[in-house]
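Please look through the structure shown below.

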2 protein chains.
Amino acid sequence: MAQDSAEAANQRRTTARRELIETQIHEHAARLFAQRGFAGTSLGDIAESVGITRQALYYYVKSKDEILAKLVADLTSSVVTRTREIRADTTLGHAERLRRIAYLTVMDRARDRTRFQLLDRSASALPPELADAFLEGRRLALAELRGVIEDGITAGEFRPLDARVGALSVLGMCNWVAWWYEPGPDHPAEPIAEQMSDCAVAMLRSEPTGTDPLAALATARASLDQLERQLRIDNRRG
Amino acid sequence: MAQDSAEAANQRRTTARRELIETQIHEHAARLFAQRGFAGTSLGDIAESVGITRQALYYYVKSKDEILAKLVADLTSSVVTRTREIRADTTLGHAERLRRIAYLTVMDRARDRTRFQLLDRSASALPPELADAFLEGRRLALAELRGVIEDGITAGEFRPLDARVGALSVLGMCNWVAWWYEPGPDHPAEPIAEQMSDCAVAMLRSEPTGTDPLAALATARASLDQLERQLRIDNRRG
């Protein structure tokens with residue numbers, strides 16, 4: 001029993017060490033690709049940057065293409081899956097779903113600035129199937145966020161606006177973080193992610209009608225008058 | 001008199017033609033710089049792209065550096081001046097100042113997508129004094145927008161948040177347009193700029209108190225405005 005436990009602990013340590021080094025390899029590779037371009041970076045450069053031998057590097061990765069494929073997959077499929085899960089979580093209100101997606105997007109960009117900059121601006125320089133995978137991942141993530149906003153508009157929680165432009169507004173605000181955020185002990189990312197996720201909700205949510213029933217009534221009446229006029233005009237045109 | 005008028009008209013036509021060709025030269029140069037890099041683009045490439053001879057090109061511009069300097073100046077000093085003027089316009093409320101800045105920024109990005117992409121992502125590849133001018137221009141424009149938000153927080157029109165992060169949120173949303181907007185007769189930029197400038201105001205403004213009849217009136221009016229905008233969007237799509 002004791003020996004089994006010791007073996008299991010060893011196994012866990014080996015796995016943890018492997019994951020740590022793989023993460024380092026991916027981070028260093030992303031930085032080098034961003035600085036020198038994909039073609040201008042060799043596996044030897046990456047090994048030297050990580051501080052391991054080229055032989056040791058081959059134990060973890062087989063090729064530059066494999067590293068790049070992993071960088072692309074990390075930035076796309078995991079985001080799509082996460083956004084889909086949050087969208088489907090009916091225990092959350094629509095505003096809360098949007099808030100979580102914005103919060104996690106800002107935290108991702110603050111953590112993986114270099115990697116995001118590299119892939120987002122160099123998609124055209126990627127090998128074709130990777131570029132396709134990356135762009136398809138972005139398209140799916142946008143479609144899911146747009147769905148979250150459309151759901152909220154249907155439920156009356158968000159204003160009736162163009163949901164695609166709304167999704168691109170939220171993504172633009174969050175993605176931009178990768179270009180201006182400077183990490184450091186005096187610059188935690190969490191307060192930025194909190195403010196931006198508040199802003200994402202505030203920019204889309206419906207006007208509160210307030211506690212005054214007469215105000216709510218006036219809003220409803222004015223909106224109905226407007227709608228009636230509009231529909232009459234449309235009917236004449238039709 | 002008549003001859004003077006004819007000469008003046010001729011002069012105006014010549015100036016208009018010169019401005020048109022200069023604009024074309026700058027647009028084609030920005031696209032080529034973005035595609036092939038600054039070093040990889042010759043004045044001959046630019047002339048060929050515009051459809052004029054290299055000799056004709058020299059009549060308008062002296063060097064690649066001159067073109068690049070113009071591209072940088074257009075994107076920086078004019079924006080700083082404009083933002084400063086809007087900030088100083090005391091006939092406007094704080095929300096209206098923010099709305100105008102966001103609207104004009106989106107319209108700029110939609111119009112000059114290639115140019116903005118080139119300079120924003122290649123600042124490090126510019127000749128040093130141009131890179132400095134570009135980064136200083138961005139810094140000043142950010143400081144002015146931050147000032148607009150700080151003024152609005154002091155006046156109680158905006159929520160008490162981190163004004164720098166607020167300014168970067170608005171700029172991120174607006175700047176991102178350069179990477180996703182596809183111009184065309186079916187895709188006018190104005191509705192996008194309207195929605196985004198609404199969102200910029202909504203993400204920062206203070207919560208309405210609700211029991212104040214004036215706040216209720218403002219809410220009713222905002223609902224009408226929103227309905228009107230939505231019907232306009234529907235009409236354009238229809």
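In which helix is the place of Leu119(A)? Leu119(A) belongs to helix α6 of chain A, residues 113–121; helices are DSSP runs of H or I with at least four residues, and strands are E runs of at least two, numbered from the N terminus. This is a predicted model, in which local features need pLDDT of at least 70 and side-chain atom pairs count only at pLDDT 80 or more, while totals for chains, interfaces and linings use all residues. Residues are numbered from 1 along each chain as its sequence is written, chains are lettered from A and ligands numbered from 1 in the order in which they are written, and side-chain values use heavy atoms, with hydrogens and water left out.

Leu119(A) has a relative accessible area of 0% and is therefore buried (buried is under 20%, exposed over 50%, partly exposed in between, with a 1.4 Å probe and protein chains only). Leaving aside residues up to four places away in sequence, Leu119(A) touches Leu68(A), Leu71(A), Val72(A), Leu75(A), Leu126(A) and Phe134(A), where contact means heavy atoms within 4.5 Å. Leu75(A) is 44 residues from Leu119(A) in sequence, with 8.6 Å between their C-alpha atoms.

Helix α2 of chain A covers residues 43–50, and its buried residues are Leu43(A), Ile46(A), Ala47(A) and Val50(A). These residues lie on the same side of α2(A), because they cover an arc of only 100° around the axis, taken from the directions from the helix axis to the C-beta atoms. Gly51(A), with a positive phi near 90°, follows α2(A). An unreviewed UniProt entry lists residues 42–61 of chain A as "DNA-binding region"; such annotations may be inferred rather than shown by experiment. Over residues 42–61 of chain A, the chain is 75% helix and 0% strand.

The rings come next. Over all chains there are 8 aromatic pairs (rings of Phe, Tyr and Trp, the last by its six-membered ring, with centres within 6.5 Å; planes under 30 degrees apart are stacked, over 60 edge-to-face, the rest tilted). Trp176(A) and Trp179(A) form a tilted pair, at 6.3 Å centre to centre and 40° between the planes. Trp179(A) also pairs with Trp176(B), at 6.4 Å and 50°, so this pair is tilted. This second pair crosses between chains, from helix α9 of chain A to the loop between α8 and α9 of chain B. Ring pairs link Phe116(A), Trp176(A), Trp179(A), Phe116(B), Trp176(B) and Trp179(B) into a cluster.
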